[in-house]
Number of protein chains: 2
Amino acid sequence: MEVLDETLKQIHERGMSALRIADVASSMQVSPALIIYHFETRENLLVEALTHAAERDLLKLHRIVREPAPPARRLMKVLEWYAPSGAARGWQIWVDGWAAAMRDKALQKVLADLQDRWAAEIVGIIEEGVAGGVFTVDDSHDVVTRITSLLDGLAVRMVVHKDALKRDVLQEWLVRQVAWELGVDQEELRSPA
Amino acid sequence: MEVLDETLKQIHERGMSALRIADVASSMQVSPALIIYHFETRENLLVEALTHAAERDLLKLHRIVREPAPPARRLMKVLEWYAPSGAARGWQIWVDGWAAAMRDKALQKVLADLQDRWAAEIVGIIEEGVAGGVFTVDDSHDVVTRITSLLDGLAVRMVVHKDALKRDVLQEWLVRQVAWELGVDQEELRSPA
DNA sequence: CCTAGTCCTGAATGGCCGTACAGTAGATAG
DNA sequence: CTATCTACTGTACGGCCATTCAGGACTAGG
């Protein structure tokens with residue numbers, strides 16, 4: 001949906017709480033009333049926009065997970081893609097989303113679903129690796145929670161305190177952590193030149 | 001300051017972006033104009049409130065750091081206190097703060113200072129431990145960034161997706177991570193019964 | 001006393017914005 | 001051709017809220 005993309009763009013620029021229907025409408029060259037016509041309320045627009053963003057991310061994630069490549073390779077690809085880059089476009093939205101979700105059940109559900117499906121995909125990769133004898137884990141779900149939590153925390157540092165953390169350092173630390181969690185050598189995870 | 005405490009309470013209840021001067025004023029039984037009289041603008045009130053919260057946390061932190069106890073003990077005490085509990089009162093404010101700070105330089109500075117001073121205190125403990133031969137680290141500053149990032153990420157899960165993560169599991173994982181980072185045995189970190 | 005300063009108030013002001021509503025234009029179908 | 005439906009618009013309502021302003025009250029210093 002065009003409107004949802006524009007809404008996400010506006011959220012990225014102004015922040016979720018400052019999103020104005022009038023802005024979205026004028027960017028799309030339609031009347032504000034039309035937005036309400038389709039989405040009923042501003043709240044609802046926000047929820048659908050985040051859902052849309054989540055769905056898009058999950059699609060991309062799924063594509064990587066399906067690729068024909070060894071688990072280690074795919075896992076690192078996922079993490080590389082998920083990790084914030086300079087603009088960190090996607091991340092700003094999630095941080096905004098966390099803040100909003102603390103007081104909004106609908107958003108809470110959207111984020112919880114996103115989180116669950118994310119975790120499930122990664123758990124999948126890891127269990128493939130375990131089955132193939134390359135990874136050794138205690139509880140793959142816990143491992144995923146820990147790895148993604150670390151990533152979230154590091155991402156906050158990049159997004160909030162701009163460039164307090166370089167992207168390649170983040171990447172490096174991620175490799176280190178993953179190697180430890182999965183009982184493999186860091187070299188096996190590093191992407192080939 | 002009374003007003004700042006009340007402001008923090010309101011932020012906690014309604015969220016930063018929804019804070020209304022009128023609410024703070026009426027809770028304090030004064031006129032809204034008085035708030036503006038003292039703080040000039042709403043923005044400014046928010047910045048000062050967060051600064052106040054940061055200062056309060058840093059004071060508490062410093063008290064723990066100064067205690068006469070082995071470094072390992074003090075480090076765990078700090079992390080136990082910083083970790084979110086059920087209500088997670090403090091944490092909600094920081095998540096809100098992150099979101100707001102992404103678009104507000106003044107807040108960015110407040111949070112960056114808080115972060116730096118936090119890190120510095122913990123680095124202090126770790127270096128004591130290293131000097132005493134109990135800890136082994138590569139770069140103590142990096143270690144702190146990693147540990148606190150993990151904590152932030154786990155905290156998000158507790159605060160946003162309420163109770164998707166039990167407090168004692170979080171604690172457990174923290175011990176695990178710290179033990180690894182500092183090259184000590186987990187048992188040496190666990191708090192004595 | 002008087003002056004000046006500080007703290008505080010009530011009552012506007014001004015602007016913003018989500019939302020409701022009544023209605024238009026165009027397409028579709030019977 | 002008519003009736004209906006859908007997508008859409010302009011306009012206006014209604015409320016909310018930060019901020020301003022013109023003072024009032026109380027204090028302290030001279």
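Guide: Gln177(B) is buried, with a relative accessible area of 2%; buried means under 20% relative accessible area, exposed over 50% and partly exposed in between, computed with a 1.4 Å probe and the protein chains only. This is a predicted model, in which local features need pLDDT of at least 70 and side-chain atom pairs count only at pLDDT 80 or more, while totals for chains, interfaces and linings use all residues. Residues are numbered from 1 along each chain as its sequence is written, chains are lettered from A and ligands numbered from 1 in the order in which they are written, and side-chain values use heavy atoms, with hydrogens and water left out.

Gln177(B) belongs to helix α9 of chain B, residues 167-182; helices (H or I, at least four residues) and strands (E, at least two) are DSSP runs, numbered from the N terminus. Apart from neighbours within four places in sequence, Gln177(B) is in contact with Gln177(A), Trp180(A) and Leu150(B), where contact means heavy atoms within 4.5 Å.

Other buried positions also reach across to the partner chain. Asp96(A), in helix α6 of chain A (residues 89-101), is buried at a relative accessible area of 7%. The side chain of Asp96(A) makes a polar contact of 2.7 Å with the side chain of Arg103(B). A polar contact is a pair of N or O atoms within 3.5 Å; within protein, one must be able to donate a hydrogen and the other to accept it, and residues adjacent in sequence count only if both atoms are side-chain atoms. With neighbours within four places left aside, the contacts of Asp96(A) are Ile11(A), Gly15(A) and Met16(A), together with Ala99(B), Met102(B) and Arg103(B).

Gln92(B) lies in helix α6 of chain B, residues 89-101, and is buried with a relative accessible area of 10%. The side chain of Gln92(B) makes a polar contact with that of Arg103(A), at 3.2 Å. Along chain B, Gln92(B) and Asp113(B) are 21 residues apart, and their C-alpha atoms are separated by 19 Å.

The view now moves to the DNA. Around DNA strand D there are 14 residues, of which Ser31(A), Tyr37(A), His38(A), Arg20(B) and Arg42(B) come nearest; a residue is near a strand if one of its heavy atoms lies within 4 Å of it. Of the atoms of DNA strand D that come within 4 Å of the protein, 73% belong to sugar and phosphate.

After α2(B) comes Gln29(B), with a positive phi near 60 degrees.

DNA strand C likewise has 14 residues around it, and Arg20(A), Ile21(A), Arg42(A), Ser31(B) and His38(B) come nearest. Sugar and phosphate make up 74% of the atoms of DNA strand C that come within 4 Å of the protein. Phosphate oxygens of DNA strand C lie 2.8 Å from a backbone N or O atom of Arg42(A), 3.0 Å from a backbone N or O atom of Ser31(B) and 3.1 Å from a polar side-chain atom of His38(B). The largest share of the surface near DNA strand C, four residues, comes from α3(B).

Chain A has 10 helices and zero strands, and its C-alpha trace spans about 60 × 35 × 30 Å along the principal axes. Of its 193 residues, 51% are buried. Among contacts in chain A with a separation of 6 or more, 61% join residues 24 or more positions apart.
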